Structures are given as structure tokens and as C-alpha cells.
Amino acid sequence: MKRKKNGIYLSITGICLFLILGCSQKHKNKTNELIVDDHPRSQLLFDFDWRFHRGDIAGGEEVNFDDSQWRLLNLPHDWSIEDLPGTDSPLDSNAVGGIDIGYFVGGTGWYRKKFTIPSELNGKRFNINFEGVYMNADIWLNGEHLGNHPYGYTSFWYDIPGNLIFGEENTIAVKVRNEGKNSRWYSGSGIYRHVWLSVTEPLYIAPWGTYISTPEVSNPLAQVDVKTKVVNDSDKSMEVTLVTIIINRKGEETAKVETKLQIEATSSLEISQNLAVRSPELWSPESPNLYTAVTEIIDSDSQVLDKVETTFGIRTIEFTVEEGFLLNGKPTLLKGGCMHHGNGPLGSAAYDRAEERRVELMKASGFNSIRCAHNPPSPAFLDACDRLGILVIDEAFDMWRKPKWPQDYNLYFDQWWQKDIESMVLRDRNHPSIIMWSTGNEIPERGEPEGVKTSQMLAEYVRDLDPTRPVTSAVNGLRPDKDPYFATLDIAGYNYSFGGDHGKQSVFEIDHNRLPNRIIYCSESYPLEAFGAWMDVLDYPYVLGDYVWTGFDYLGEASIGWLGYPHVGNFYPWNHAFCGDIDICGFKRPQSYYRNVLWNAGQQVSIFVKPPKPSFKTNPDKKDWSKWEWQDVVAEWNWDGYENQLLEVEVYCAFETVELFLNDKSLGKKETNRGTQWIAKWEVPYKPGILKAVAYEGTKEADSRELVTAEEPNNIHLSADRDKIKADGQDLSYIRVDLLDSNDRRHPKAENLIRFEIEGPGSIIAVASSNPMSMESYQQSKRKAYKGRCLVIVKSTRESGNIIIKASSTGLRSARLIITSEEVN
């Protein structure tokens, strides 16, 4: 039968591990009073109307502190991406973190928010959840210190009813300290993920208290085990019924179970329930089918005390030496990319749409897996992986007790590792996209007895919390001294197994001969070694897949994709890593097109040209093992001043042969296969016109691509990834800006300054280009184009209507675009 879902959903779907059935996102009224409905649980998005001060200030936690001059803003928020006070740039050549964080600036900041809880809610239970604050967050409610949370990447929450004042104004204050050298990449600063306020009855389902597994799955039947932690904070024993219903993607009820229980006062119970789903629709990257478990607590008077939804998938995972990774019994190669948490022009601000877009772009580029480096991602990111079908390695730490930088997580590890592991595993364990837990990346003590002991401790604790997935860790310095460390893990992650210190020889076969039961994957690989790394995956069944560093480009660790290591001297103003298959704007880079050919995914023929002069200044001290760059090639055929000069042309081709033409004249055919690494090369005397590659399978034309000389640009073109967004104060539209000639061809060398204007219920929250050395503002309504294009990001308000974007530049025809912001039901 079909089951109608009561109530109104949160206007931002997929934001938490669980979504609350029958509760709505409520906004405050003019008196700052929170309005909740009469459902048993309300989940309130607590992102709006915070006051912010950049810098430290005495007494910021005090209730009567005057914050009226502080800036009013909404979350998520990252102050490091904003212009430095009194400047037009977020960069500082003297930034404490230097090139590692891309010359952006951290520091200390304060947030404050006032709100009123109606008196009639006295007796309810209140919980405030911070999805992520970077870093060292101290929280006060009405002047009372709730606690400190050092780690910037794990979610945390507090029960707060004892601190609330009902019927009067409450004040929450948050101090954030991103001080010293604490990160090897751009971390951002502030409350950069969502904040939630939950309102429940005193008897409730615990936060992260639902755990779903599918121990037996077959075509006719899937066994679904649901464990639910029920808490009774009241002063009386209660007899209740725990009801769990499973609903498929069509809204149909597929299974139901009821369990009666007696729960004593001020106690908690974990209840196990077993359900059978007939003819299950399995989750996979090709068919990311999702189910919803609706859990209710019903008292003896048939009153619903709590109701929680948990999204999950039915699937099996298995890892073997003989067949590698099996998903639902099918061997599956992991076509992976590593990804940091940042959202490029938005800094680390984890808007739901920004997180979803990154996953969309990765999948569109052929990836089926992401390694979250080197920390747990936002809930919205994992929800997007569930919905869109991406396999995930969820990683905890970049260091343990031994530091990589003086002020990093090593200062907090002993006191906090267990809480942070719990936060990752308990929060994320219902995501079908997650296939492995990683306890760390390139841990400094990995080759020492202390590191082995710590690894064993972490791995055992992860398995206690979730025995359904293997534990891994990413390891560099691949020598036999790491064997004891690997022995504590279920799956071995090899960083840079091909190339680097090993030259052209892979260590996979060597280690397999020594340790034939070890199951391995390449947890990081160089872009420049894409061919060798993927051939290892194809050749050795015990190698599960390859994760390139990196799938999506990021701020910080600046210039490793060009200048490499070591960093000798001042590389300012480099601020992009410049090593991603996809750049910070979301545009594909040449290596991504090559990977399409290796993986037989997406575009199968591409043309690139080596510039007659290097694109950027090179680093004479760069080490041979530093290979995070790709070949210096561009998809351009505009080379004024180089007429008749020979230019090297590369064609990436997945077919048997490819023929190159210049202005309809054949320059010859060449074979493309494993022996040529699916690359064909020509030296071509430059002449303006059309450079065309035609691919053949046998004698039949299979595909073609061309580069065409563009004329001088004369107009601006705007195109949005979505022309309809939600009027929820959070939704985004990414607008690509192209500088075109009279034939609507983008000019690849145009760098005109573009100015933007906006009208209607929206705001410009970021502008960007792919220029890795631009010192321009990400916040102002102007940006210079790079390679003939740039990006502007528009955010909705909580009012519906048409948002009009205008773009203009001296000497170019301006452009206008309408985005419709639709009311949220």
C-alpha cells in the first residue's frame, strides 16, 4: 500500500543523517521567537540572523554584551575567503599558514545569536547540533559555557534545556579560533556548516541513534536490521511501542515491525528489530535506490512521542584477493578521486547545493568513488553521494600524536580521538555510499611501534561501532617496515604506488608476492602517472582501484600541480593547488579528458596543444618525484605571432586510430592503444583555422573533435546550471560567464574585467576564475576572465520572485539572465 508522509519536509532536503518526518523548517517571527509545530519532533535550521565579529574581543560570551555593531549574516560562513579588512583581496603574503593554506588568513572570530523559546515549550527537550566549526569552538548559552570542540571537521551537539530561559530572549555565543599553523591545506574559518536546533519530548530517539544494516541480501529478499537507541529523560518509567516502517522510493510501505518495551526513568535502551524487504531494489552507482526507515515511539495512549526518518540503501560489499571489490556480488573497479572539503570560491562554506554540485561534476567526469581527504565531510556531501551514486571512503584524521604542523590535531588527539571517531561513524554509518572507514592519512608514526599500537586501537574501535565495513588507512613510504601497520587494517591504502620513489615500477606485484592475502588500492596517485596507475588496477585483481590526487582542485597547498615540491622561496600569489581533474570553478582540466579515455567514460576524443612558451614560471628546484602536475597543454588554437611555428598537438583517443586535419588537410593517421597510452602526437605548423581529430574503429568514423581559432570577443554569454532555485535563503545557482566572438566561440585568451549587477530576491555570494594566481576578491561583484570565462554564484533569499543577473564589460555586448526563485512549500 502507499503511505502518505505527514507534515512538511525541511526545505533543504538531505541535510542530516536522518530527516525528520512531520516537521518543518520554521523561521523566527519579528520578536525573534522560534515557532514550532505540534508534531512530536521539530528540526529547526538555526542558520539565520547571526551576528559576527572578525577578531577577538573581551566579554563576547556575556549575555548583555552589545553586539549591535557586529555584522549580520547567515550560515554557513567562512571568514577566511572574505576580503581582509581594508583591502580588495583575501590574501596576505605574510599569512601564518603561508603557501599551505594558499596565503589566506585565519585568526579568531565570534558569532552571537538571540532567540526566544515560547513558554508553552517548557518541558520539551532541546538539542543544538553543529555540523562543523573550524576550529577550536567554544559555545556559551546565556553566559554558561556548554563546552569546547577542537576538531574542525566533526559534528557535535549539546543538550540544552537546563540552560534555556522560556518566554524570554536567549543568547548563544560561539568563539572560533583558527590560530597558528594547523593545516596543510585551506581549511577555512568559522561556522562553515549548518547548525540545527531539535525539539522533542523527554522520551526520544537519541541523536545518531538509528543504525541500519542489511546482513543478508538476495533477489527475492533482503534482511534489514534496525537498532534504535531510545532515551527517557523523564522522571517516570514508561511503556511504549517502537514502530519501524520501511518505505521505498515510490512511497510504498515494504515492511513493518512493532516492539513493546518498558523504559525506566532517566535511562536508555537500544532495541534491535528485524524486517524483511521482498524483491529489494539494490543501491549502486548505476541505480542509487534509496529506502526510508520511519521510526516512531508510541505511548500507551497511542500518542506519537517521537518520529524519525533514516535514509538507507540495500546493498552488499565484499573485498577479495581474487576478484577485488564486489558490490552486490559484481566486481567493481574503483575509479576514484581524493577530495578536500572546500567549495572553491565559497571557501569551506558547505551549502547543500555546493556539496551536491561537486558530486555531480565528479560523476559526470567518470568517477564512481571519492576518498574524503583527510577528514569527515559534511552530511550534505554524503547525502548527495547516496542520491547520485558515488562510493565513498570516509576518513578521520591527517595526523595522530605526532604533528605535521605545530598547532594541528596532535595537540588534541589523546583526549578527543574517541569522540571524533564516534562522531564520524555514528553520524555516517547509515550511508550506503560509504564502503570503507579510513583512520588516517600518511600518519607520521606509521612505521613505528607506537603508530602500530595506535592504529590497532583506532581500527578496533571503528569495528566495534560498525562491523559491516572494512577499516583502511592511506600510507606513503611503501616499504616492508609498514607491514605491522598494515596488519592492523582490513584493506591497505597505498599512496603513490606508481612513480615517485619507485620510478616506473609498481610495488603491488612485489608486495603481493610477499603477502598474497593483502588487499590493496591506490589511495593517492599522481596525475602525471594516470596511465601506469590505472594499468595496475586492470592488471592485478587484488588492486581495488585508483584515487588520483586530486579529483577536484582546492585552495591551499598552492602550486603543487605546477611548481611542485620543495617550496623554496616565496611562491606568492599562488593560491590554488592546481592539481585537480576539475578546477575550483568546476571546469574540466586536460587530465580529466585523458581519464575519460582511460576509463571509457565520457568524451572519448580530445585535442590539446602544448603552448610555445610555458604557461607559468617553472620551479628549478622541483624534485623528480613531485608529479602532481599534468602536461602543459591547453585546448586552444589561437597562437597569434607563432604562424608556421611547429606546435606539439596531443590527441587523447579511446579508438583504434585517429587522424588529424588542419583546415581540411590530413596530417596523417596514428594508432592509439595501450602501447601508445591512448595518446597520439603531431607537430603542426600553426595556421589559424580548424584543427580537427577524427577517430576510427576499423574503417568507420567513430567520433571527432575540433579546435577552432576564435576571433576577438564581442559579447558576454551567461548560462546557469539551474534557472530555478528554492527561495529558502540557502539555494544556489552557478552561472558560467563566457566571452564569445561573433560566431559564439569562446576566446581562450580573453581576460576582460566583467562587472555584475543583481536585482530581485537574491545576492551574489561569490565570483571566481580558474586563474591559480589571481589575487582578486571572491566577494566583490566583478572578476577578470581567465581563458575567456569566469563564474558567478547567486544565492536565494527567503522571498520568491525573479532574480536578474547582468554582466557587462567595456567593449563587449552585455548579457542578462533570469533565475526564478520559487517558494518552498
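Predicted model: local features only at pLDDT ≥ 70, side-chain atom pairs only at ≥ 80, totals over all residues.
Residues are numbered from 1 along each chain as its sequence is written, and side-chain values use heavy atoms, with hydrogens and water left out.

The axes of α7 (residues 530-539) and α8 (residues 590-599) come within 11 Å and cross at roughly 25°. Axes are lines fitted to C-alpha atoms, for helices over the stretch in contact, and angles run from 0 to 180 degrees between N-to-C directions. Helices (H or I, at least four residues) and strands (E, at least two) are DSSP runs, numbered from the N terminus. On the α7 side, the contact (heavy atoms within 4.5 Å) is made by Ala530, Phe531, Trp534 and Met535; α8 contributes Tyr594, Arg595, Leu598 and Trp599. By class, the residues of this contact comprise seven nonpolar, no polar and one charged. Here Ala, Val, Leu, Ile, Met, Phe, Trp, Tyr, Cys and Pro count as nonpolar, Asp, Glu, Lys and Arg as charged, and the others, Gly among them, as polar.

Helix α8 also lies across β30, β31 and β34, running at about 40° to β31. These three strands form an open sheet in the order β30-β31-β34, with antiparallel pairing; strands pair if DSSP finds at least two bridges between them. The edge strands are β30 and β34, each of which pairs on one side only. From one strand to the next, the twist averages 25°. Strand β30 (residues 605-609) is joined to β31 by five bridges. Within this pairing, Val605 has Cys653 as its bridge partner in β31, and Ile607 stands opposite Val651. Seven bridges link β31 to β34 (residues 679-685), with Ile679 of β34 as the bridge partner of Tyr652. Strand β31 (residues 646-653) is mostly covered, six of its eight residues being buried (under 20% relative accessible area; exposed is over 50% and partly exposed in between, with a 1.4 Å probe and protein chains only).

Strand β41 (residues 762-768) is largely enclosed by the rest of the structure, because six of its seven residues are buried. An antiparallel pairing of six bridges connects β41 with β43 (residues 789-796), in which Ala766 has Ile793 as its bridge partner.

Backbone geometry was also examined in the loops. Cis peptide bonds join Trp549 and Thr550, with omega about 10°, and Tyr572 and Pro573, again with omega about 10°. Thr550 lies in the loop between β29 (543-548) and α8, and Pro573 is placed in the loop between β29 and α8. A positive phi, near 65°, occurs at Ser302, a residue other than glycine. Ser302 belongs to the loop between β17 (291-299) and β18 (304-312) and counts as exposed at 61% relative accessibility. Phi of Asp744, also a residue other than glycine, is positive and near 60°. Asp744 lies in the loop between β39 (732-740) and β40 (753-759) and is exposed, with a relative accessible area of 56%.
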